[in-house]
Amino acid sequence: MKTNFRTYYLYLILFFLAGVIIIPLYVSVMGGFKHTGELRTNSLGLPIDWKFENYISLLVNSDFWLFLWNSTVYAVGTTFFVVLFASMTAFVFAHVKFAANKFLYNYFLLGLMFPFATAILPLFLRVRDFGLLGTSWAVIIPQIAFGLGFSIILFRGFFRQMPKEIFEAAVCDGCSYIQFYFRFTLPLSTPILATVSVITLTGSWNNYLLPLIMINDESLYSWPMGIMVFRGEYFTDWGKILAYVSLTLVPAVAFFFALQKYIVAGLTGGAVKE
Amino acid sequence: MRSAKLDALLSRYYTIIIFLIPALTIFTLFVVLPIGEAAYYSFFRWNGYGAPEKFVGFKNYEFLFKNRVFILSLKNNFYIIAISLFVQLPFALLIALMISDKLRGAAFFRTIFFLPFILAEIVTALIWAYIYDGNYGLVAAIWGFFGAEAPFVLGDKDWALVAILIVIFWKFFGIHMMIYIAGLQAISKEVLEAAKVDGAGPITTAFRIKIPMLIPTIKLSVFLSLLGSLQLFDIIMPLTGGGPSNVTHSMVSYLYYFGVMRMKVGFGSAVGVVIFLICLFIAIGYQRTLMRDDNENKF
């Protein structure tokens, strides 16, 4: 009897909390379908008079697609190089014995503690002096640099747990380190490749501060920058803004549900694995 | 003919060089050096063009610590840390304990609570900017239901920061809950079984076994929360942009408005260095006290 009573309260709390999470998302998606007048009087309910203009006008807006495309370029470019460079580095740290191994590993680890904000002004100057402003590299290269540390930790942890026997057998067969990396390590590492990719992709996709500093040219804006410009233009025209918000919300949520396993593994993996 | 041993050795050095160079170069050029440069530039008054020539010593720092808006932003960052550590994390732990057991629907709740974390911070903040809007949002609807005139919380000096804290709580408690759940799942079943046999109830088990065994995990989430709080920026921009009257800046948004936008490289770098020193101080303190009894590689 007592247990049932307790469970009842437990569910009450959990459902209340779930409501607090879901309702803001729900009112945003629905808000995109409402007239400004209706937003004022009916913010919680379903739209009485469904209005599709907000969504349609965005879907035919070429800027909207351009910003999404730019963000895709930044995310894919960053992820490709982070995965490649971090896995190569972690491979050396995990398998090759040399004097500076531990020292160099700690060098990358230290980078994790550095707040990105400290470096933004010198970083901007460096990117400018390298002549990268006005190109996608202005966003991609700094993102690679700041993504390496955590990815190296995740890769190294995974590589070290791979059975040593494969490695020894391969080396005896005259397989060089580089061949081994491409033929054995990478194909056997799909879970960690997926995890690092997913984390890097989402990090880049959602990044706001770095593109804001690096990008001046509107044709290179990322979608978070685009949404802020949009907000500036239609300040209280919430229907339009909420439609924009919802159109970016839906793919993010779908992506999350599809790849939840990897996202959670990546974010919590470093926490509990020895 | 070269010996096999020499070949192996050469192969090893090639590998080290080829595999390490890309990451080391990019990391050094775009992470490590800029941080050193920030320290150097912070002693100059410089707009970023030509070479920094106007050496001003500690003037940038002096100005910073006499500046009301910066002091306020520093305070705001510490409020955010305090609320995160003393309200958000215990709450996340409580929820993790509630849904880690064989509760029906645990997976469902876990997913829902984690959901806000994957949204872009900009999007999260825009959603809440709507909710807080005194003319249109949910706050307006709730106040209207009681027949009251809705407040504009984001425009109210006394409430704007509270409003931001609520958004931070909403967005980030899920990731800490997830970290705790992962930690709880690593606790061996035998220990929990033994406790049950000894007649320990869920509350005793939580306080005597689960929480003590979760300490390394809690330390990690504390650390992440500290560093995250100090770097807060995206959430502030769409909500208040630091207003009203510059009372809701974080250190990073202060750096953006007063350093980057005005291209004051020296002054902005000084702000960056202060943020860096606070992070460093925390990291060292973390290593010294919290990590003391842990094995290496916990991170």
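**View 1. A:Gln179 in its helix.** A:Gln179 sits in helix α9 of chain A, which covers residues 177–185; helices (H or I, at least four residues) and strands (E, at least two) are DSSP runs, numbered from the N terminus. This is a predicted model, in which local features need pLDDT of at least 70 and side-chain atom pairs count only at pLDDT 80 or more, while totals for chains, interfaces and linings use all residues. Residues are numbered from 1 along each chain as its sequence is written, and chains are lettered from A and ligands numbered from 1 in the order in which they are written. A:Gln179 counts as partly exposed because it has 14 C-beta neighbours inside 10 Å; a residue is buried if 20 or more other C-beta atoms lie within 10 Å of its own, exposed if 12 or fewer, and partly exposed in between, with C-beta atoms placed from the backbone. A separation of 55 Å lies between the C-alpha atoms of A:Gln179 and A:Leu10, which are 169 residues apart along the chain.

**View 2. Chain A as a whole.** Chain A holds 13 helices and 0 strands. Its C-alpha atoms fill a box of roughly 75 × 70 × 35 Å, taken along the principal axes, and its radius of gyration is 24 Å, whereas a compact globule of 274 residues would have one near 19 Å. That radius is taken over C-alpha atoms, and the globule rule is 2.2 Å times the number of residues to the power 0.38. Of the 274 residues in chain A, 43% are buried.

**View 3. The two domains of chain A.** The domain assignment, whose bounds come from an automatic or database source, gives chain A a domain 1 (2–53) and a domain 2 (61–272). The C-alpha centres of these two domains of chain A lie 34 Å apart, and 9 residues of domain 1 are in contact with 8 residues of domain 2, where contact is counted if the C-beta atoms of two residues, placed from the backbone, lie within 7 Å. On the side of domain 1 of chain A that touches domain 2, α1(A) gives the most, with 4 residues. By class, this side of domain 1 of chain A has 3 nonpolar, 5 polar and 1 charged residues; Ala, Val, Leu, Ile, Met, Phe, Trp, Tyr, Cys and Pro count as nonpolar, Asp, Glu, Lys and Arg as charged, and the others, Gly among them, as polar.

**View 4. Where chain A meets chain B.** The contact between the chains takes 74 residues from chain A and 76 residues from chain B. Helix α13 of chain A (residues 238–272) gives the most to the side of chain A that touches chain B, with 17 residues. That side of chain A has 57 nonpolar, 13 polar and 4 charged residues.

**View 5. Helix α7 of chain B.** In chain B, which has 13 helices and 2 strands, the 26 residues of helix α7 (residues 160–185) should span 38 Å at 1.5 Å a residue, and the end C-alpha atoms are 38 Å apart, which agrees; the expected span is 1.5 Å times one less than the number of residues. A kink of about 35° in α7(B) is centred on B:Phe172, the bend at a residue being the angle between axes fitted to the seven residues ending there and the seven starting there. α7(B) is mostly covered, with 20 of its 26 residues buried.
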